[in-house]
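Student: Hi, could you walk me through this one? I'd like to go piece by piece.
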Amino acid sequence: MTEQNKQAAFPTYQNVPDLRHWPQPNSTPWAEPALAPALNIVLYEPEIPANTGNISRTCVVTGAALHLIEPLGFDISERAVRRAGLDYWQKLQLYTYHNWQDFLERNPGAEIFLATTKGSVPYTEISYPRGAFLVFGRETAGLPEELHKAYPDKRLRIPMRSEYRSLNLSNAVAVVLFEALRQQGFPDLL
């Protein structure tokens, strides 16, 4: 479907939901800061549905919100999610964005941390404030260079042996997320 056909099939108007996304993205992720999640996981153009499924479950059980930056390498329609058996998906605090600029516009003042093999600071030496946005890149390419340039002092690294490229994305999210939650005293968790 061409972009012009998409626009015709799925028009967007002020105060009308963007029908290309499910569930419907909010114009503002949360109206009151007190209701904001302790942490936010951001996946930049994720490609592998199983990774995002695992990460979504981790977000549900920890109370973290999941933010997906398009394009996605898979379908997150209600039908596709139901077929994949993601029974906890309805409990997920999920936000989708057309691109990085859309994400920034809808999350002004976001405290952003990039998880990347190009980072120099171990993830355990970062202090994660409540509501921080932990950003992870595509499975095959990581984060784009423009993000590295925009946040040079906010890049963290998971230490690993130098001869290997990286951890699996869902494992990397869990490692960093649980360290950030530990620092916050595991808010609202048993």
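Student: Which residue stands opposite Leu156 in E7?
Tutor: That's Ala115. Keep in mind that we're looking at a predicted model. The two strands involved are E4, residues 112–115, and E7, residues 155–157, and they pair in the parallel sense over 2 bridges.

Student: How many strands form the sheet, and in what order?
Tutor: There are 7 strands in an open sheet, running E3-E2-E1-E6-E4-E7-E5, with parallel pairing.

Student: And which strands stand at the edges?
Tutor: Strand E3 (94–97) and strand E5 (121–122) do. Each has a single partner strand, so one side of each is left without a neighbour in the sheet.

Student: What does H2 touch when it packs on the sheet?
Tutor: H2 touches E1 and strand E2 (65–69), and the direction of H2 makes about 150° with that of E2.

Student: Let's change topic. Where does Glu45 lie?
Tutor: In the loop between strand E1 (39–44) and helix H2 (49–62).

Student: Is Glu45 buried or exposed?
Tutor: Glu45 is buried: its relative accessible area is 16%, and the cut-off for buried is under 20%.

Student: What does the side chain of Glu45 make a polar contact with?
Tutor: With the side chain of Arg138, at 3.4 Å. Leaving aside residues up to four places away in sequence, Glu45 touches Ile69, Glu70, Pro71 and Arg138.

Student: Two of those come up again, I think. What is the peptide bond from Glu70 to Pro71 like?
Tutor: That bond is cis, with omega near 5°. As for Pro71, you'll find it in the loop between E2 and helix H3 (78–83).

Student: Why point that out, and what about phi angles in general?
Tutor: Because most peptide bonds are trans, and most residues other than glycine have a negative phi.

Student: Where is Asp188, and is it buried or exposed?
Tutor: Asp188 sits in the segment after helix H6 (169–183). Asp188 is exposed, with a relative accessible area of 77%, whereas Glu45 is buried at 16%.

Technical notes: Residues are numbered from 1 along each chain as its sequence is written. This is a predicted model: local features need pLDDT of at least 70, side-chain atom pairs count only at pLDDT 80 or more; totals for chains, interfaces and linings use all residues. Side-chain values use heavy atoms; hydrogens and water are left out. Helices (H or I, at least four residues) and strands (E, at least two) are DSSP runs, numbered from the N terminus. Buried means under 20% relative accessible area, exposed over 50%, partly exposed in between (1.4 Å probe, protein chains only). A polar contact is a pair of N or O atoms within 3.5 Å; within protein, one must be able to donate a hydrogen and the other to accept it, and residues adjacent in sequence count only if both atoms are side-chain atoms. Contact means heavy atoms within 4.5 Å. Two strands pair if DSSP finds at least two bridges between them. Axes are lines fitted to C-alpha atoms, for helices over the stretch in contact, and angles run from 0 to 180 degrees between N-to-C directions.
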